[in-house]
Amino acid sequence: MRLDLTDMLYSLSFALDKVETEILGLGTGHGKRVACLSFMMGKEAGFREEELRDFVGCCILHDNALTEFIHEELLKSPDAKDILDLPSDMMDINSMTMQNRHSIIGEQNIKLMPFRTDVKNIILYHHENADGTGAMGKTASETGLKSQILHLADMVDMTSKLTTMTENEFEKLSVWVQERSGKMFSEAAVQLFLKAVNYDKIRYLQEMGELAYLNKELQTIVCDYSDEEIHNIAGLFAKIVDYKSEFTQAHSLGVASKAEQMALYYGFEPEKVIRYYFAGAMHDIGKLVVSNDILEKPGKLTSDEYTEMKNHASATYYILSNVKEIPDIIEWASNHHEKLNGLGYPRGLSADDLSFEERLMACIDIYQALTEKRPYKDGMTHGKAMSIMRDMVDKGELDGNIVRDMDVVIKC
């Protein structure tokens with residue numbers, strides 16, 4: 001399958017920024033700003049174009065494990081509730097536990113990405129201080145230059161407001177960085193920062209925006225990826241989405257798996273099967289921008305809350321809309337809440353507007369939601385789920401032929 005992976009990561013960064021803002025209280029755009037600063041320093045260091053592309057990808061994904069860490073690790077801690085109940089601007093983002101664990105999980109996750117250059121340990125060591133006082137006790141001599149650059153860029157953005165920074169504030173920032181040379185930051189990373197980053201570039205970033213800057217400075221390319229690589233990419237993105245809320249763990253991969261199963265049953269061409277799997281994995285990526293207070297509310301949503309929840313489908317379209325080579329995937333993924341009678345959302349499409357693939361994805365999503373166990377309900381049996389879906393067919397919401405086929409295929 002052909003995909004511009006860098007474009008995909010740029011699009012994902014919008015959603016990851018929302019997660020970082022909600023969990024850590026960081027300003028929107030953190031991942032992209034870290035990527036921009038790291039790109040400047042990496043270019044100064046002489047990294048090749050391909051290296052820079054993969055490095056920027058790692059920088060955008062450096063906090064990829066935040067959702068997984070919160071639900072897999074932090075919620076098991078006896079102090080978890082106290083930590084999570086803090087106002088976001090008071091949360092201890094320097095917690096050694098958080099730095100250590102999310103770096104380890106993030107490093108494991110990044111192995112799923114088909115980067116073409118060596119990115120080993122970039123994310124693993126991105127919270128290590130040069131003098132060994134970081135999360136894992138590694139000194140600068142034990143970490144690579146790319147990790148050191150990422151660490152400096154990450155800390156600069158977390159402690160500064162680059163989007164509104166004045167020249168005087170930038171001068172103070174430069175002094176702050178220099179004072180930590182050999183302590184928090186490696187001498188090599190500090191020298192690269194002082195050479196590569198100046199106030200003119202900060203102003204340029206402020207005026208252009210991070211993505212416009214990256215698109216201008218770094219060429220993205222469309223590549224062919226194997227089915228295994230696409231499964232891995234989809235798996236990482238789906239994991240980030242599903243761990244956003246403990247209510248939806250494994251939902252996206254469940255939809256993707258059944259999408260693949262039904263695609264094979266209907267005789268889709270091999271290229272289309274993997275694209276349909278990818279659409280299934282991506283269909284709920286818009287939920288990353290929805291507040292967990294809404295995603296995890298056990299009771300009935302208010303009208304305003306329901307409106308925000310419905311916005312996730314539009315957000316899926318927005319997040320994927322700038323990715324080259326996937327216009328079909330965007331439609332299959334983002335229209336999964338549309339109904340044949342025109343009463344679905346977000347676009348109110350009706351039967352004549354919806355392709356077979358979009359109708360199928362809607363059925364698969366409903367079946368998966370009905371049959372999976374969640375903290376507030378047990379998963380329904382296959383028979384009960386199909387009974388509900390047949391009622392939806394009678395109401396003119398779902399395609400009856402697809403529902404009948406799913407009853408046969410998925411039950412087997």
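**Reading the labels**

Guide: Happy to! Let us start with Phe 115, which counts as buried at 13% relative accessibility. Please keep in mind that this is a predicted model.

Visitor: What makes Phe 115 buried at 13%?

Guide: Buried means under 20% relative accessible area. Phe 115 has 13%, so the word buried applies. Phe 115 lies in the loop between α6 and α7. Its C-alpha atom is 9.1 Å from that of Leu 5, although 110 residues separate Phe 115 and Leu 5 along the chain.

Visitor: Why is Asn 121 called partly exposed?

Guide: Partly exposed covers the range between buried, under 20%, and exposed, over 50%. Asn 121 has a relative accessible area of 22%, so Asn 121 belongs in that range. Asn 121 also lies in the loop between α6 and α7, and its phi is near 70°, a positive value in a residue other than glycine.

Visitor: And what about Glu 325: why is it called partly exposed?

Guide: Glu 325 is at 37%, so the label is partly exposed. You will find Glu 325 in the loop between α16 and α17. Its phi is positive too, near 75°.

Visitor: Why is the pair of Phe 170 and Tyr 199 called tilted?

Guide: Rings pair if their centres lie within 6.5 Å, and planes under 30 degrees apart are stacked, over 60 edge-to-face and the rest tilted. Phe 170 and Tyr 199 are 6.3 Å apart centre to centre, with 45° between the planes, which makes this pair tilted. Phe 170 lies in helix α8 and Tyr 199 in helix α10, so the pair ties together parts that are 29 residues apart in sequence.

Visitor: What makes the pair of Trp 176 and Phe 185 edge-to-face?

Guide: Here the angle between the planes is 65° and the centres are 5.8 Å apart. Phe 185 is buried, at 0% relative accessible area. By this rule the count comes to 12 aromatic pairs.

Visitor: How do you know that Lys 272 lies over the face of Phe 268?

Guide: One condition is a distance within 6 Å of the ring centre. Lys 272 is at 4.4 Å from the centre of the Phe 268 ring, and it lies over the face. Lys 146 likewise lies over the face of Phe 47, at 5.1 Å from the ring centre.

Visitor: Why are helices α14 and α17 called oblique to each other?

Guide: Their axes are 8 Å apart, and the helices pack at an angle of about 45°. Angles under 35 degrees would be roughly parallel, while 65 to 115 would be roughly perpendicular. The value falls between those ranges, so α14 and α17 are oblique. Their crossing is right-handed.

How values were computed
Residues numbered from 1 in each chain as written. Predicted model: local features only at pLDDT ≥ 70, side-chain atom pairs only at ≥ 80, totals over all residues. Heavy atoms only, no water. Phe/Tyr/Trp six-rings, centres within 6.5 Å; stacked < 30°, edge-to-face > 60°. Helix = DSSP H or I, 4+ residues; strand = E, 2+ residues; numbered from the N terminus. Buried < 20%, exposed > 50% of the residue type's maximum accessible area, 1.4 Å probe, protein only. Lys NZ or Arg CZ within 6 Å of the ring centre and 35° of its normal. Axes fitted to C-alpha atoms, helices over the stretch in contact; angles between N-to-C directions. Parallel < 35°, antiparallel > 145°, perpendicular 65-115°, else oblique. Left-handed = near helix turned anticlockwise from the far one by under 90°.
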